[in-house]
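Subject: Structure for your review

Dear colleague,

Please find below the structure that I am handing over to you. I would be grateful if you could look through it together with the notes that come after it.

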Amino acid sequence: MKKRWQHCHAATMSGGKYSVIEDAVILTDGACIEWIGPRAAAPETGDCERVDLGGAWVTPGLIDCHTHLVFGGDRSGEFEERLQGVSYAEIAARGGGIASTVRATREASEDALFDTAKARALGLLREGVTALEVKSGYGLDLTNERKMLAVARRLGEALPLTVRATCLAAHALPPEYANRADDYIAYVCDEMLPALVADGLVDAVDAFCEHIAFSTQQVERVFRCARDLGVPVKLHAEQLSSLHGSTLAARYRALSADHLEYMTEDDAAAMAQAGTVAVLLPGAFYMLRETQLPPIDALRRHHVPIALASDLNPGTSPALSLRMMLNMGCTLFRMTPEEALAGVTIHAAKALGLQSTHGSLEAGKAADFVAWRIGRPAELSYWLGGALPNRVVRGGVEIDFARIA
């Protein structure tokens, strides 16, 4: 059905800028945008359905391009420990951290994981997130990685959300492979990835390149496997130290390199040349009370697209609000509100390989947008928490939250 959405202003985010259209009209045909522009130039639309947006500001649907949405249990106890001075690395070394979530996730049924993940996803959807990524990485064996990725697929079927599933089997060393990291990477490459890709469960492959996880050599083996299977790659890189994982990611034309607190100017240059997106995760920076800021100026100098994401996970970023990350990106990382909004729209779309269909309000792209009752786009970064009144449209249909809850 064709619809004419009117009486609104649009921040289209085309080109990574607000690209404002005052007194805008958006024409949709089914799930796609057919035309967008000022009302005075709008084509005649006959008897199509007209929707009055009441003077709202319209943005593209928000995109959370880095989440660990599916997991069992929580790690609130570790949160208390970190507040008392115990480091993330110390907790991980004694079997906590990721390993504790692995235990809880393995013990949970697929249906139990789906139910808790659906509740989290609904919260994000209510605040305007219409596309997101879900990583595995808390199963660490074929059965449980498959279970997690199956939940990701179910979320995309059950909710009006575009869900991209990323296999993060190279997230941590499972207990059964203690002190045998190379053997585990062989298992990931020889058995897990081929099986999961064959099952149609994998849109991208990720790894954690860090001294408490996997070396650049081990990650490169994963990347080679993903390339042979025809799957794009991403990387957790430079969060706790500089291993130049982001340069490795760029060498494999990764969709994104994420975290990046310790990346160098050379890393930024490599990412720019490869077109790899820098995904910054202020929630983890905040929760871990880090002091090493990502090199925003270097990323700007080299024109690296900068995305923001929640990094929603039970340990280092239990962030249930992507909009809160807009504020954190501005206050902690000194991004502008315009950069922050681009970071959860057009640049986040590129980090998921969705830039041709999502992330900006343009003819031919998905009719995913949010109508906000605000006075200017910067308010999305300005307000701390709370639910900003909005109407969420996905695929040209306004979401009825009472029906899907």
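Predicted model: local features only at pLDDT ≥ 70, side-chain atom pairs only at ≥ 80, totals over all residues.

Residues are numbered from 1 along each chain as its sequence is written, and side-chain values use heavy atoms, with hydrogens and water left out.

Salt bridges

The structure contains 19 salt bridges (a side-chain nitrogen of Lys or Arg within 4 Å of a carboxyl oxygen of Asp or Glu). One of them joins the side chains of Glu34 and Lys2, at 3.4 Å from N to O. Glu34 belongs to strand β3 (residues 32-38) and Lys2 to strand β1 (residues 2-11), so this pair ties together parts that are 32 residues apart in sequence. Helices (H or I, at least four residues) and strands (E, at least two) are DSSP runs, numbered from the N terminus. Glu34 is partly exposed, with a relative accessible area of 37%, and Lys2 is likewise partly exposed, at 41%. For these terms, buried means under 20% relative accessible area, exposed over 50%, and partly exposed in between (1.4 Å probe, protein chains only).

A salt bridge also links Arg301 with Glu265, and their closest N and O atoms are 2.7 Å apart. Because Arg301 lies in helix α11 (residues 296-301) and Glu265 in helix α9 (residues 265-274), the pair ties together parts that are 36 residues apart in sequence. Glu265 is partly exposed, with a relative accessible area of 34%.

Arg391 and Glu398 meet through their side chains in a salt bridge of 3.1 Å, N to O. Arg391 is partly exposed at 28% relative accessibility, as is Glu398 at 34%.

Cavities

There are two cavities of 30 Å³ or more. On a 1 Å grid over the protein atoms alone, a cavity is a set of points where a 1.4 Å probe fits but cannot get out, and lining residues have an atom within 4 Å of a point. Grid points are joined across faces, edges and corners, and a volume is the space filled by probe spheres set on the points.

The second largest cavity has a volume of about 30 Å³. Its lining is formed by Pro60, Gly61, Thr130, His358, Gly359, Ala366 and Asp368. These residues divide into two nonpolar, four polar and one charged (Ala, Val, Leu, Ile, Met, Phe, Trp, Tyr, Cys and Pro count as nonpolar, Asp, Glu, Lys and Arg as charged, and the others, Gly among them, as polar).

Yours sincerely

Definitions and conventions
1 Å grid on protein atoms, 1.4 Å probe; cavity = no way out; pocket = protein on both sides within 12 Å on 5 of 7 lines; lining within 4 Å.
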